[in-house]
Amino acid sequence: MLVTNLTILVLAGFIGFAVISKIPNTLHTPLMSGTNAIHGIVLLGALLVVGFAGNSAFNKVILVIAIAFGTINIVGGFLVTDRMLEMFKRKPTSTPKDGEPK
Amino acid sequence: MILATSFFHNQNFLRVLYIVAFALFIYGLMGLTGPRTAVRGNRIAAVGMAIAVIATLLQPGEGNWGLIVLGVAIGTAVGIPAARRVRMTAMPQMVALFNGVGGGAVFLIAWAEFRNTGGYQGTALYVAVFSVFAAIVGSISFWGSNIAFGKLQELLPGRPITLGALQQPVNFLLGAIAIGLGVVIVAGSHSELVFVLMLLSAALLGNAVVLPIGGADMPVVISLLNAATGLSAAATGVALNNPALIVAGMIVGASGSILTNLMAVAMNRSIPAIIAGGFGGGGTVAGASGAGAFEGTVRSTSAADVAMQLAYARQVVVVPGYGMAVAQAQHVVRELAKALESRGVEVKYAIHPVAGRMPGHMNVLLAEADVPYEQLKEMDEINPEFARTDVALVIGANDVTNPAAHTNPSSPIYGMPILDVENSHSVVVIKRSMNPGFAGIENELYFKPNTSMLFGDAKSAVADITAELADI
């Protein structure tokens, strides 16, 4: 299991470097908020741990907080990135305002 | 029915869903390479996330639905309004906060995992190692990000807060304690006290690392915390044997690392030097005073004069900085640019990589104000153009235009790549006062004979120029 996981880890690291290197400076802020959303994936971790039987009351409290944190990341991150990217998509040169996408 | 249920809970089926999920993350991020495909890319990544969450909820043994619904409801109730309402000028704070929230979730998960397994009893060694790593880095990221948020939101003073000469030994000691306690746990201690002390020393380290960092270094810090949160998520993925978590975490880790490096290069500073902190604090004052008094005087100008200069220019380059963000001046800048363009003046924007408080900060603000991204020029592209530029209009930017970076080896920013605005025919600097910028360094540019200063708030000053322009 460990070896499989490490394989995935290393390959994902290289793919990440290759893909992110191509993203232009202009989009670096949306990239950061987008990666905020993607690291919201820790929600999965919280969901897996909360499913285990025998969680104490204290565990339940911290796991609900962790689930809420992960959800904030995912929901907030994708939404705010979408908002920002819509602004980049606008093409004021073609129509003055609210340019239709293509 | 039974058949269908067992199929959906089949481990291989769920693993395939995870593979689909992370494939969509990567494919979505590939869309971010161009402004036109980016919206779609982000949505594709969001679909991937939905699939990953569903796959997790289908895991056999998943339960405690009440708690899950509660947590998701709280997160949604907080996340949606935050994302809808945040101003574009406040994006650095938002990203810092989101970094922190992710790191917080990571260390809480590790803590719960520790408690559930009675201190990693009956788990493989690597689970303990990666879980402890995630706990330490997550805790550092949570507290560091909260401090960064506090500074950007101006809840905390933006200037460096340091322990002086003690800072480095203290940081080192806190790091050593956190790692030492982590080793104790991995070696087989089941004591929750040790685990909590480990979290605590990592928390103190997070505070101690970010408090001494000045506002101008924020782009580096935010990127670095982004990388830390990503790596801690990947470590959680290894501990929980979840490939989607590993891939997503590593992508974020790679992204944060690339950005951190870009920002450090753009400031000509090493990452360790930035983390050591104190830019503009005690250590650099000697260098700044070494620059001494400049020859020449500062020339103050009026909005009417600036309007006159701009109206008869062929090419104007706008150099925005953090001051434009603070004053929310991006829309009035766009109005001014429109007025100039209607007179046949060519307007471009020169974007320094570290202008503002996070990577790409200026680009987002100008995009919000409907500036076509073709007009945004990166440093290497615009620098040769300044010699052909009639007026360089510097709005709330300071250190990124300071010629001392080229000429004064004793200056703290010596060697940093800058925008060579001094080469333009004339330079107009809109600035609130002669106070030196964040780094506390005098800017020689303001004393040059072709530079004139327009003192005032960026928003009202630019609006005044536009108004004067209409009368010409």
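**Exercise 1.** State how the axes of H2(B) and H10(B) are oriented to each other, and explain why.

*Solution.* H2(B) and H10(B) are roughly parallel, because angles under 35 degrees count as roughly parallel. Helix H2 (residues 11-31) of chain B and helix H10 (residues 243-266) of chain B have axes that cross at roughly 15° and come within 8 Å. Axes here are lines fitted to C-alpha atoms, for helices over the stretch in contact, with angles from 0 to 180 degrees between N-to-C directions. Helices are DSSP runs (H or I, at least four residues), numbered from the N terminus.

This is a predicted model, in which local features need pLDDT of at least 70 and side-chain atom pairs count only at pLDDT 80 or more, while totals for chains, interfaces and linings use all residues. Residues are numbered from 1 along each chain as its sequence is written, and chains are lettered from A in the order in which they are written.

**Exercise 2.** Identify residues that join H2(B) to H10(B), and give their classes.

*Solution.* From H2(B), B:Tyr18, B:Ala21, B:Phe22, B:Phe25 and B:Leu29 meet B:Pro243, B:Ala244, B:Val247, B:Ala248 and B:Ile251 of H10(B). The residues of this contact divide into 10 nonpolar, no polar and no charged.

**Exercise 3.** Describe the side of chain A that touches chain B.

*Solution.* In total, 78 residues of chain A are in contact with 97 residues of chain B (C-beta atoms, placed from the backbone, within 7 Å). H4(A) gives the largest share of this side of chain A, 30 residues. By class, this side has 44 nonpolar, 27 polar and 7 charged residues (nonpolar: Ala, Val, Leu, Ile, Met, Phe, Trp, Tyr, Cys and Pro; charged: Asp, Glu, Lys and Arg; polar: the others, Gly among them). Chain A itself has 4 helices and 0 strands.

Methods: Contact = placed C-beta atoms within 7 Å. Helix = DSSP H or I, 4+ residues; strand = E, 2+ residues; numbered from the N terminus. Parallel < 35°, antiparallel > 145°, perpendicular 65-115°, else oblique.
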